[in-house]
Amino acid sequence: MTDTTRPMQETSLRPQGPTGRQVFGLLGLVVAAVLLWLIFAQWPDWLDAILISKKAFLSAILNGLTLAGLYFLVASGFTLIFGLMRNVNLAHGSLYLLGAYIGYVVTDWTGYWLLGVAAGFIVLAVVGIAIQRLVFRRLEGDDLRQTLVTIGLSIIAADLMLAVWGGGTYQIATPEWLDGAVKLPVVTAVKSNGTAVYLTYPLYRLVVLGAAIAIGIGMWLMLARTRIGMMVRAGVDDREMLAASGVNVHAVFALVFAFGAGLAGLAGVIGGSALSVAPGEDVRYLLASLVVVIVGGMGSIPGAALGALLIGLAEQIGLVYFPTYGVVLTFVIMVAVLAFRPQGLMGKAR
Amino acid sequence: MSADADIVGAVAAGQAPGTAAAHVALAVLLVLYPLVASDFFLTQIGGYSLIQGLIALSLMLLAGYGGMVSLAQITIAGVAGYVVAIFGVNNSGVHGFGWPWWVLVPFAILCAALASSLVGWISVRTSGIYTIMITLAIATASFYFAQQNYSFFNGFPGYNGIPAPQVLGVNWRGPMPFYYLCLGTASLAYAAVLYGQRSTFGLTLQAIRDNPRRMHALGFDVTAHKVFAWFLAGVIAGAAGVLLVWFQGRISPGTISVGTAINVLIIAVIGGIRHPIGPFLGAVLVVLLQTFAIDIVGAARFNTLIGFVFLVIVFVSPDGILGLWQRFRPRAAREAWTPEP
């Protein structure tokens, strides 16, 4: 008995109660439990009355997750470029849209969707290297001018894309093996004759989510485990020291820029297949990247994932439950984060 | 060399050489401009340039003296515009409370200034390059909100048929009165900025721009000074917003779109953000380009042209037209003084 009471006395002697980490962990567990119950339980009527229906709620969550995957793909390139080169690439939305158009052209021409995805990545990576070499190298060390230049580039790019592809809306054709819907093991309602109605969801969107998670894990492994990743992480923390220790920072910059731009192009093709390709999408995804990176923390990949999750869910839930105020919800999240953690949820204070 | 140093010193104090004479000459030119200008040049070029210059001036105040490059100035002008549309008179049959102009205009400008302070308070929590990101996010989110929301902003169509008031028997939307109204507002704002940059507040703000950490250590409230600069910029942008909505007679989400937000930055950067005359120079150039370049390159590719002009300016001269002028002028002056070898 004495053996078990002694540690308890010790903990009670500590001046503060549970640590912040413990509180957040507990909070996370409670939220997870509530979510699991919401997903698998049969909803009572009062809950249906509040949240419209279980089907609407779960669809909003799934749509939010898919959108978060897409946002993560776009924003992770943005945040890497920002973290390493300290310039806000305001042409990032244009890279997304250009990738989507290129994906459309290649898919339409060859008939292979995967070729379109590859083309979106490769062409935009080359474009990224070109921008890095021709523009950013010349304005090295002047962050504001670099950012201004990207604004100029985005204006020209938007206008030229309008000239080439016009103002119409395109939809990239997905291959047959990605079409159709899957039945998820989640019961949304039980009919009066006792048969359960399962939730169905488009397969393609689940694939988008899976691809985003896979790319995210791949990126994390590359950053955490490889030599190049080590250089990139070192560059985010202190690029001068990295250069001083004999690393060719320009090569690292070019590589990261190519990878970030390529990811934006890839996201363009994937997003253009799930949603649509039209002028104005560049601004939408630029806004998404900005907000995701502000919320998640500048230069942080896990931050981009967390920010994308929050913003994607907020946008879709807002769309279902308070249609004309959905943008405000996103905005409130951004302001709240800036008010309490100006460097972003996962960002480091500089 | 001493001529160079003199000019640098004078520019730092906000005074180009021969400033007073230049100001008088400029004022006379601008006041007499209606004598030679047609109605089109008076309103579409003159008045519109002055309005755009005012909005860009509010950005110049923040960027030049405070080091905060904002992309939300058109949003702040839009706040004043929407207030005029909602609480004044409009043809759209939504709201339109018909407040008299002498209540409406100060109220609209106050709303804009408060909105600006809010944007400032949000964005000064971070610094430097982040300000651009945050203000662009705010501008874009406001645009989407105005487009989706019908209960306040009347959604996509916005508000139409917003008249300028008739005061003292003058229709202030008539070409001549409207030009002088814009000119008066712009001169007032310009003079206020010139005065303000040498006031205690202006000098403190510039010191904070150069070294916030030291100013903080000296006991200055950095955040409060920055937010007050945002408030002042909001007053200027709000006045411009009122003029803009009278000029166009309508306001819609298109007025505060991302393109127009970036346009304000382009005007300020092309003109030069080191001196308050820069935004007006930039505005005249951009408005002239907008009006006449369409005949040269066609309406469709206008943005490519303006984008290239912007890129060239950013690459060649970070201080815009003013920077170009200052770069070549001292050399000419020095060459005149140096004897031939």
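## Exercises on a predicted two-chain model

Of the 341 residues of chain B, 46% count as buried, where buried means that 20 or more other C-beta atoms, placed from the backbone, lie within 10 Å of the residue's own. The model is predicted, so local features need pLDDT of at least 70 and side-chain atom pairs count only at pLDDT 80 or more, while totals for chains, interfaces and linings use all residues. Residues are numbered from 1 along each chain as its sequence is written, and chains are lettered from A and ligands numbered from 1 in the order in which they are written.

**Exercise 1.** Describe the secondary structure and the burial of chain A.

*Solution.* Begin with the elements: chain A comes to 14 helices and two strands, helices being DSSP runs of H or I with at least four residues and strands runs of E with at least two, numbered from the N terminus. Next, turn to burial, where 43% of the 350 residues of chain A count as buried. Finally, the C-alpha trace of chain A spans about 70 × 60 × 35 Å along its principal axes.

**Exercise 2.** Decide whether Gly265(A) is buried or exposed, and list its contacts beyond its neighbours within four places in sequence.

*Solution.* First locate Gly265(A), which lies in helix 11 (residues 249-274) of chain A. Gly265(A) has 34 C-beta neighbours inside 10 Å and therefore counts as buried. Two residues are in contact if their C-beta atoms, placed from the backbone, lie within 7 Å. Leaving aside neighbours within four places in sequence, Gly265(A) is in contact with Leu95(A), Leu98(A), Gly99(A), Ile102(A), Gly120(A), Phe121(A), Val123(A) and Leu124(A).

**Exercise 3.** Work out how helix 3 and helix 7 of chain B are arranged.

*Solution.* The axes, which are lines fitted to C-alpha atoms over the stretch in contact, with angles from 0 to 180 degrees between N-to-C directions, come within 9 Å and cross at roughly 20° for helix 3 (residues 39-66) and helix 7 (residues 175-198) of chain B. That makes helix 3 of chain B roughly parallel to helix 7 of chain B, since angles under 35 degrees count as roughly parallel, over 145 as roughly antiparallel, 65 to 115 as roughly perpendicular and the rest as oblique. By class, their contact has 17 nonpolar, six polar and one charged residues, where Ala, Val, Leu, Ile, Met, Phe, Trp, Tyr, Cys and Pro count as nonpolar, Asp, Glu, Lys and Arg as charged, and the others, Gly among them, as polar.

**Exercise 4.** Describe the contact between the two chains, and name the helix of chain B that gives the most to it.

*Solution.* The contact takes 32 residues from chain B and 30 residues from chain A. On the side of chain B, helix 6 (130-148), helix 11 (258-271) and helix 13 (302-316) each supply at least two residues, and helix 6 of chain B gives the most, with ten residues. By class, this side of chain B has 23 nonpolar, seven polar and two charged residues.

Key:
A residue is buried if 20 or more other C-beta atoms lie within 10 Å of its own, exposed if 12 or fewer, and partly exposed in between; C-beta atoms are placed from the backbone.
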